[in-house]
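Take a moment with the sequence and the 3D structure. Then follow the explanation one stop at a time.

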Amino acid sequence: MRRINSKKAALLFLKIAAAILLLLVIGFFAFRNTVLNKAIARAKAKMETEYNSTFTVGNASFKGLSGIEINNITLKPHKGDTLLNIETVKTSINLSRLFTGDIQLGTLQMKNGYIQLVKNEKGKNFDAFLHRKKNSTVQEKTEGPDYAKRTYKLLQRALNLVPTDMQLENLTLKMDDNGRKVNMNLKQLKLADEQLESYIAVKSDSLVQNWEVKGFADPRDRQADLKFYNSGKGRIIVPYLDERFGLKSGFDSIRVNVENIDLSGDEFRMDGFASIGNFMVNHTKIATKDVVINSARFDYHFLFGPDFIELDSTSTLELNKIKVKPFARYSIEKDTVYQFKAGIPKMLAQDFINSLPNGLFTHFEGMEAEGSFSYNLDFMYNKNKPDDIVFDSSIKKEDFRIKKYGEADLAKLNTSFVYRAVDNGIQQRPILVGPDNPNYTPYELIPAYLKNAVLTSEDPSFFHHRGFINEAFKQSIVKNIKTKKFARGASTISMQLVKNVFLTREKTLSRKLEEILLVYILENNRIASKERMFEVYLNIIEWGPNVYGIGEAAQYYFQKQPIGLTLDESVYLASIVPRPKKFMWRFNNEGYLKEFAVTHDNYIKKLMVNRGIITPADTTGQSGQINVTGPARERLNLKESTSMDIDTIETESFLNKLFKGFK
C-alpha cells in the first residue's frame, strides 16, 4: 500500500474542513430563521417566568447575508404599564464572530419607539428587572472576583453591541414618578465613519430644551471623544432632580474622552479625561446660593487587577486653577483595604482663593493673599484592623500672608465687636464683646476652675493644637464607618469659635468647608492668641435660653460674678455647653441634680485631677451637687411650681439687670 505523503495529507485535511464549513454555512442559512424564532421563543419564556412580563415580537427574519429585521417589539409587565415598545429594528451581525459565540453588531437601524419607566400607587413597572438573584460562580468563590478580567469582559461585550454604523430615529425615554414627568426624545443619532451626531429634545413640567452630542466614536478600537451641550442659549439643566430631590444642576458642556482600554497580562487599564464647563448646583444641603465651578477637568488612569481597583497617581483633577494629584485604591489581596491620597503641588495662595467655587465659599470673596503653599493628604483604612487607620494632613507654606480679609474678618477677634447669634435662622439680640459690656469677663477674671472644666469637656488639647486634632479625626472616621452613619464629629474650640462668630449654624457642606479653611487660617497665621480666642469663646457661647457668655451665665444660675464660681458650679456650667437649652432636664423636681448628672460631673473632676489640672484637695467639700438660685430656677420643674411652658418663660427683670449701663 502506497503511503500518502504529508503534502497530500494536508490538502485532504483542508478539503474536508472546507466541506464541513460549507455544510455549516448551508445549514445556517437553511435553518437560520428557525434558530432566530427559537431564540425569540426562549426570550419570551424567560420574560414570562423570571420577570412576570409579556414579550412580543410582530415579525423577525434574516435579510440578506447577515442582516436581521425585527418589527413591533413590546415588553409589558403583567401588573404595570408597557416598559418597551419599538416599531422597527434592523441590524447586521459579524458572522465570523458569531461562530465563536461572540456577538458583534455591524450596523443598526432603529426608529419609532420608547422606553417607559413608571412609578405610581400600583408600584414600578420596572421593579422585576431590579431584583434578579446574583449567583457567584464556583470560580469566583474559589479564585476571587478578578476585577481586571471581569471588567474587560463586560466592556468588551458592551462595545461589541455598539455598531460601527448606526442610525436611530424618534426614540423616547419616558419617566413618570408619581406625576413628575420627563420625556427625552432622541430625534436622531447617527454614527458613520467614526463620527457621531445626536439631537435630543427634553421636556418636563418646568423645562424645554434641545441637547446635542457630537464627536468621534470608534467602538472597535475602544476610543471616543464626545461633547455634550445645549443647542440653544444657556446651561443644560438636568431634569427631574429638582422636582424629586430639590437639587438644581446644570452645565454649559461636558466632554468625555476615552483614549485607551487595554488588557495586558492580568491588569486592565482605562485612560482618558472628562471635563465640564460652567457647572452649577443648588441644594439646601450644599449651600444657600448657587454653587458655580467655571471649569473642571479630570484626567483619569484607572487600573484593575485580579484583587484591586486603583485610580493611578498619574491622574489629575483640575478645579479652575487648582490642580490635585489624587490616588485611590481598593484592595482585597490580604485584607480589605481602602486608600486615598491627594496632593496639591505648590501654587500661589491667591490663585487658590480665586479658584474656589462661587457660592461655596462666600466668606472668602474679596480675600487677598500673597505667598504660596502645597498640601498633602494620606488616608488608609483596613476593614479588619480599623484602629490602625492612617490619617495625615499637612500644608507647607512659603511667605504666606493674608493682605485683606473677605466677609469673614478674622482680625476682629482682637477688637471689640458686636456678636449676634443665629437660632433656627433667626438673628438673636446683640452682644457686645468688649469691656463696654458690663457682663463681659476678661480672661484673667474667669476662674481657672471654669476654664479647665470647659477645656476638659470640650477640647483638652486646645492650647497645643493648631485648630484640628488628627487623632480625633481618626477616631471620628472609625466610629462613623463602623456605625455607617455620621455618628461622631471632631469639633475643637477653634472650630466652634469660628462657627459662632463668623458663620451660621446651617448644616451645609458650604458652612463646614468654610469652617475648616477659616480655622486653618486663624490658627496657623497667629491672627489671635489662644488666650484671646478662649476668652471670646467663653464670652459668646450660649449657656441657656437667651443667655450668652460666662458673665450672664454666672448671674442666671448662681447670682454671682464668674470669679466667685466654685469647682462644682464650674463643672456644671461646662457640662451644659453642648445642650444649654436643655439644662433643666438634669434636675429632679426638688431642684437637685439627677444621679446621672452628678456621676458625669464627678467624672469630669476625676479627669481634671488625673491630668494635674486640679489637686485632690480642690475637690474637698465638692459633692457634685449645686444650688441654683438665679432666674434659671424658675425653669426647673419643682414640686411647688405651677405648670408652665418652659420655652415661653420671660426673665425680663434678669435681662434688664444684665443690660443696665449697656450702650
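What follows is a walk through strands, charges and helices.

Keep one point in mind from the start: this is a predicted model.

Strand β8 covers residues 195-204, and strand β9 covers residues 207-218. The two run antiparallel. How many bridges join β8 to β9? There are 10 of them. Pick out one example: Val 202 has Gln 209 in β9 as its bridge partner. The link between β8 and β9 is a hairpin, and it passes through two residues.

Now move on from β9 to strand β10, residues 223-230. This pair also runs antiparallel, joined by eight bridges. Asp 218 stands opposite Gln 223 of β10. The hairpin of β9 and β10 has four residues between the strands.

Asn 52 is not a glycine, yet its phi is positive, at about 50 degrees. Find Asn 52 in the loop between α1 (6-51) and β1 (53-63). Asn 52 is partly exposed, because its relative accessible area is 39%. Tyr 240 is not a glycine either, and its positive phi is about 75 degrees. Tyr 240 lies in the loop between β11 (236-237) and α5 (241-245). Is Tyr 240 buried or exposed? It is buried, because a relative accessible area of 16% falls under the 20% cut-off.

Next, turn to charge. Which residues gather in a patch of negative charge on the surface? They are Asp 165, Asp 193, Glu 194 and Asp 221. Take Asp 165 from this group. Asp 165 sits in strand β6, which spans residues 165-177. Its relative accessible area is 40%, so Asp 165 counts as partly exposed.

The model holds 20 salt bridges. One of them joins Arg 269 and Asp 271. Their closest N and O atoms are 3.1 Å apart. Compare the surroundings of the two partners. Arg 269 is partly exposed, at 27% relative accessibility. Asp 271 is buried, with a relative accessible area of 9%.

The general rule is simple: an α-helix has 3.6 residues a turn, so residues three or four places apart point the same way. Glu 515 is buried, with a relative accessible area of 1%. Lys 512 is partly exposed, at 35%.

A further salt bridge joins the side chains of Lys 530 and Glu 523, with 2.7 Å from N to O. Both partners are covered. Lys 530 counts as buried at 12% relative accessibility, and Glu 523 is buried at 2%. Salt bridges can also share partners, and in this way Asp 177, Arg 180 and Arg 244 are joined into one network.

Lys 530 leads on to a helix. It is among the buried residues of α11. Helix α11 covers residues 530-540 and is mostly covered, with 10 of its 11 residues buried. The buried ones include Phe 534, Tyr 537 and Leu 538, along with charged residues such as Arg 532 and Glu 535.

Now look at helix α12, residues 549-558. How many of its residues are buried? The count is 10 of the 10, so α12 is largely enclosed by the rest of the structure. Among its buried residues are Ile 550, Glu 552, Tyr 556 and Phe 558. Just after α12 comes Gln 559, which takes a positive phi of about 55 degrees.

Finish with Met 280. Met 280 belongs to strand β14, residues 267-282. It is buried, with a relative accessible area of 8%. Along the chain, Met 280 and Gly 250 are 30 residues apart. How far apart are their C-alpha atoms? In the model, 5.2 Å separates them.

Notes: Residues are numbered from 1 along each chain as its sequence is written. This is a predicted model: local features need pLDDT of at least 70, side-chain atom pairs count only at pLDDT 80 or more; totals for chains, interfaces and linings use all residues. Side-chain values use heavy atoms; hydrogens and water are left out. Two strands pair if DSSP finds at least two bridges between them. Patches are made of residues with over 30% relative accessible area and no salt bridge: like charges are joined within 9 Å, nonpolar side chains (Val, Leu, Ile, Met, Phe, Trp, Tyr) within 5 Å. Accessible areas come from the Shrake-Rupley method with a 1.4 Å probe; for residues, only the protein chains shown count as cover. A salt bridge is a side-chain nitrogen of Lys or Arg within 4 Å of a carboxyl oxygen of Asp or Glu. The place of a charge is taken as NZ of Lys, CZ of Arg, CG of Asp or CD of Glu. Buried means under 20% relative accessible area, exposed over 50%, partly exposed in between (1.4 Å probe, protein chains only).
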